[in-house]
Structure formats: C-alpha cells, structure tokens
Amino acid sequence: MDRTAGQLQLTGDFVRGARFACSACGAEDCSVHDTEPRQWRHLNCFQYACYIQARQPRVTCPHCGVKIAPVPWARPGSGFTILFEAFTLTLMREMPVRAVSDLVGEWDTRLWRVLDHYVTEARDQRSLDTVTGFGVDETAARRGHHYVTLFVDLAESAVLFATPSKDATTVTRFVEDFQAHHGDPAAVTDVTMDMSPAFIKGVTTHFPQAEITFDKFHVLKLLGDAVDAVRREKRKLCPELAGTRYLWPE
Ligand SMILES: [Zn+2]
C-alpha cells in the first residue's frame with residue numbers, strides 16, 4: 001500500500017506449469033508461451049485506488065499459434081476490471097462523463113471508450129422489429145446552433161437513435177440504423193414531431209405508411225402565441241386587457 005499516492009496494489013500470479021485457454025478459439029489447456037506484465041484498475045479499497053497486477057500469459061494454441069489468454073476479471077484490451085467498468089457505467093448514467101472522470105481520477109477519454117464499447121454492444125443486440133411508432137425532436141447540444149435530433153420509442157420511453165443536426169438528413173441516417181436493427185419502415189404507422197418541414201419531408205419519404213401527429217406541446221405554443229398576439233392587438237381598444245397575459249389559457 002502506498003499511502004502517499006493513495007494506492008493499493010494487489011499482485012497475483014499463477015503456478016509454474018499452469019495451463020490456460022486461447023482467447024481466439026477458446027481451446028483450453030494450452031501451455032504458456034510467455035507473459036506480459038499487466039495492471040488493471042479495480043474498485044477502490046476504502047479510500048485507496050486499487051490495482052490488480054499480474055503477468056498475463058500468452059499461450060501456444062494448437063489451432064491459432066501464440067495468443068493471449070483471457071483473464072476472468074477484465075475484458076480483452078481494457079485496463080479496468082469488469083467491476084470497475086460497471087461502477088463507472090453506473091455513474092455515467094447519472095452524471096456527465098467529465099464529472100465521473102474527476103471523481104475517479106481517470107482520463108475522460110478512457111471512460112468514453114468504455115461507454116462506447118458497452119453502448120455499441122447493447123445496441124448491436126437490440127432488435128427494433130416491433131417498433132411501429134416513434135417521436136422525433138431536436139434539442140440544443142450546447143450553446144449556439146449545435147443540435148442533436150432524438151428518435152424515441154414512445155411506447156417504451158427509450159431513445160432509438162441520436163444524431164447531430166436537425167435537417168432532413170437526420171431521418172435518412174435514422175432509417176438506415178433502424179433497418180440495420182431489423183426495423184421495418186413500412187410497419188411504422190405513427191410519428192409525432194413538431195412542424196419542422198425537414199422532419200415532415202424526411203418522414204414522408206422514408207416512412208410512407210406513417211401518420212404524422214404534431215406534438216401537443218408545439219401546437220399549444222403556437223396557439224398561446226396567437227392568443228397573445230390578439231390580446232396585444234385588442235389591448236389598444238380595451239385597456240382592461242393590460243396585464244392579463246397569463247390569465248389566458250394556453
Ligand atoms: Zn486458439
């Protein structure tokens with residue numbers, strides 16, 4: 001234990017003559033060819049950052065030649081244990097990656113790689129063959145004109161796809177991803193959106209069976225603006241309308 005650095009190092013090793021599996025084909029009982037010193041960040045032990053150190057064997061596989069042997073506590077290529085990855089993923093659901101980076105003392109680029117790996121893996125396994133409707137809306141990604149368009153499964157309250165910008169090409173990118181995940185554009189019968197001409201064009205092109213419903217939120221906003229415009233207009237003739245803006249239902 002290095003109290004100054006706040007680190008606990010756990011060192012493991014294997015007995016001479018031990019045999020391991022091949023990471024490429026899964027063949028078991030392969031002899032060790034050589035080893036490589038490795039280190040994996042593990043869950044903290046009390047307030048100390050904890051690391052597992054071990055010699056990772058490379059085996060001589062009868063089918064594949066010299067291959068690395070997998071370790072049970074980490075996925076191949078990761079410098080974190082599976083439990084540490086699970087911990088940071090849990091945090092990344094709740095706060096920005098940068099905040100997690102500060103909290104655990106790891107570069108945010110490393111955490112982004114973990115997040116990318118598991119999100120990609122989860123999305124690859126996801127089938128969208130039962131999706132028959134979705135909502136689409138854009139949101140500002142940061143200050144200025146940086147937009148992200150979200151496609152959401154309204155039945156499952158789950159994001160289906162997110163992509164930069166808010167033009168008609170976002171729908172093109174979505175339909176490609178949708179089909180790659182076994183979604184059937186012809187099976188989509190309901191789409192909700194704002195009155196954006198770009199979304200209307202994209203959806204009518206790629207989802208010909210879909211009936212478009214404008215979000216109540218966007219319709220009511222237009223209605224509220226119209227009522228207010230009339231109120232302002234009439235106020236000149238009816239002074240009692242002054243200060244009544246918020247009395248009018250939206
Ligand atoms: Zn092999």
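Me: What is Glu-106 in contact with, leaving aside its neighbours within four places in sequence?
Reply: In this predicted model, Glu-106 is in contact with Ser-101 and Leu-111. Glu-106 sits in the loop between H2 and H3.

Me: Why is Glu-106 called partly exposed?
Reply: Glu-106 has 18 other C-beta atoms within 10 Å. A buried residue needs 20 or more and an exposed one has 12 or fewer, so Glu-106 falls in between and is partly exposed.

Me: What makes Met-1 partly exposed?
Reply: Around Met-1 there are 13 other C-beta atoms within 10 Å. Exposed residues have 12 or fewer and buried ones 20 or more, therefore Met-1 counts as partly exposed. Met-1 lies in the segment before strand S1 (7-12). Not counting residues up to four places away in sequence, Met-1 touches Leu-8 and Tyr-48.

Me: Why does Phe-46 count as exposed?
Reply: Phe-46 has 8 C-beta neighbours inside 10 Å. The limit for an exposed residue is 12 or fewer, so Phe-46 is exposed. Phe-46 is found in the loop between S2 and strand S3 (48-61). Phe-46 also has a positive phi of about 50°, although it is not a glycine.

Me: Where is Ser-165, and what is said of its phi?
Reply: Ser-165 is in the loop between strand S7 (158-164) and H4. Its phi is positive, about 75°, although Ser-165 is not a glycine.

Me: Why is Ser-165 called partly exposed?
Reply: Ser-165 has 16 other C-beta atoms within 10 Å. With buried set at 20 or more and exposed at 12 or fewer, Ser-165 is therefore partly exposed.

Me: How do you know that the reach of helix H1 is close to what is expected?
Reply: H1 (residues 82-94) has 13 residues and reaches 19 Å from its first C-alpha to its last.

Me: Which residues of H1 are buried, and why are they said to line one face of the helix?
Reply: Phe-84, Glu-85 and Thr-88 are buried in H1. Seen down the axis of H1, its buried residues fall within an arc of 95°, so they line one face. On the other side of H1, Thr-90, Arg-93 and Glu-94 are exposed. The buried residues of H1 pack against strand S2 (31-45), helix H2 (97-104) and helix H3 (108-125).

Me: What makes H1 roughly perpendicular to H3?
Reply: The two helices pack at an angle of about 90°, with their axes 10 Å apart. Angles of 65 to 115 degrees count as roughly perpendicular, so H1 is roughly perpendicular to H3. The contact is made by Glu-85, Thr-88, Leu-89 and Met-92 of H1 and Leu-111, Val-114, Leu-115 and Tyr-118 of H3.

Me: Which residues of helix H5 are buried, and why are they said to line one face?
Reply: In H5 (residues 197-206), Phe-199, Gly-202 and Val-203 are buried. Down the axis of H5, its buried residues fall within an arc of 95°, so they line one face of the helix. Their cover includes strand S5 (133-142), helix H4 (169-180), strand S8 (190-193) and strand S9 (211-214).

Terms used
Residues numbered from 1 in each chain as written. Predicted model: local features only at pLDDT ≥ 70, side-chain atom pairs only at ≥ 80, totals over all residues. Helix = DSSP H or I, 4+ residues; strand = E, 2+ residues; numbered from the N terminus. Expected span 1.5 Å × (residues − 1). Arc of directions from axis to C-beta. Contact = placed C-beta atoms within 7 Å. Axes fitted to C-alpha atoms, helices over the stretch in contact; angles between N-to-C directions. Parallel < 35°, antiparallel > 145°, perpendicular 65-115°, else oblique.
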